[in-house]
Structures are given as structure tokens and as C-alpha cells.
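Dear colleague,

Please find below the structure that I am handing over to you.

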Amino acid sequence: MAKAKKEETNSKPRPRISFLKALFILLGADIVLLFAPGLGILNSVFYIGEVISWSALVIGVVLLVAGFRGLFGKR
């Protein structure tokens with residue numbers, strides 16, 4: 001009868017996900033989905049001006065980029 005192999009420890013540490021960065025991603029995605037000019041959920045229900053729509057879209061994209069830049073931490 002063959003002996004069972006011992007469990008080997010994983011040499012790679014698990015990646016840590018920053019909670020704040022994940023929150024930035026969720027917030028940015030929500031803003032983009034709600035305020036996208038012509039396609040957003042709030043734009044289909046209410047009239048929201050172009051200035052507010054485009055500025056919210058830019059803010060949402062900036063939050064998405066900031067969230068994805070440092071999402072995975074090394075530790």
C-alpha cells in the first residue's frame with residue numbers, strides 16, 4: 001500500500017485585497033452606471049443635465065482607475 005503524501009505548504013502568499021480600493025471600484029462603477037450620458041439608469045428616468053452627467057462619468061472613471069491601480073497588495 002502506498003503512503004499518502006504530506007501536505008505541502010503553499011509557497012506563494014495569498015494576495016491581500018485592499019478594502020478601500022475595492023470600495024473605490026464599486027463606487028466608481030455605480031456612478032458610471034447611474035450617470036452615463038444617454039445610457040445611464042438615472043438619465044433614462046429623469047432629465048439630468050449634460051454637465052452633471054459628463055462630470056459624474058469622469059469622476060466614476062477616475063475612481064475606477066484609482067481602485068484598480070492598487071487593488072492587490074503584496075503581503
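The side chains of Asn 43 and Ser 53 are joined by a polar contact of 3.3 Å. Please bear in mind that this is a predicted model.

The two partners belong to separate elements: Asn 43 lies in helix H2 (residues 41-45), while Ser 53 is part of helix H3 (residues 50-69). The side chain of Asn 43 also has a polar atom 2.8 Å from the backbone oxygen of Ala 36. Leaving aside residues up to four places away in sequence, Asn 43 touches Leu 34, Phe 35, Ala 36, Pro 37, Gly 38, Ile 48 and Ser 53.

Is Ser 53 buried or exposed? Its relative accessibility is 1%, and because buried means under 20%, Ser 53 counts as buried. With residues up to four places away again left out, Ser 53 is in contact with Phe 35, Pro 37, Asn 43 and Ile 48.

I turn next to helix H1. This helix comprises 17 residues (residues 19-35), which should span 24 Å at 1.5 Å a residue; the end C-alpha atoms are 24 Å apart, in agreement with that expectation. The buried residues of H1 are Ile 25, Gly 28 and Ile 31. Viewed down the helix axis, these buried residues fall within an arc of 135°, and therefore they line one face of H1. Phe 19, Leu 26 and Leu 33, on the other side of H1, are exposed. Helix H3, where Ser 53 is found, is included in what covers the buried residues of H1.

Yours sincerely

Note on methods:
Residues numbered from 1 in each chain as written. Predicted model: local features only at pLDDT ≥ 70, side-chain atom pairs only at ≥ 80, totals over all residues. Heavy atoms only, no water. Helix = DSSP H or I, 4+ residues; strand = E, 2+ residues; numbered from the N terminus. Polar contact = N/O pair within 3.5 Å; in protein donor to acceptor, adjacent residues only side chain to side chain. Contact = heavy atoms within 4.5 Å. Buried < 20%, exposed > 50% of the residue type's maximum accessible area, 1.4 Å probe, protein only. Expected span 1.5 Å × (residues − 1). Arc of directions from axis to C-beta.
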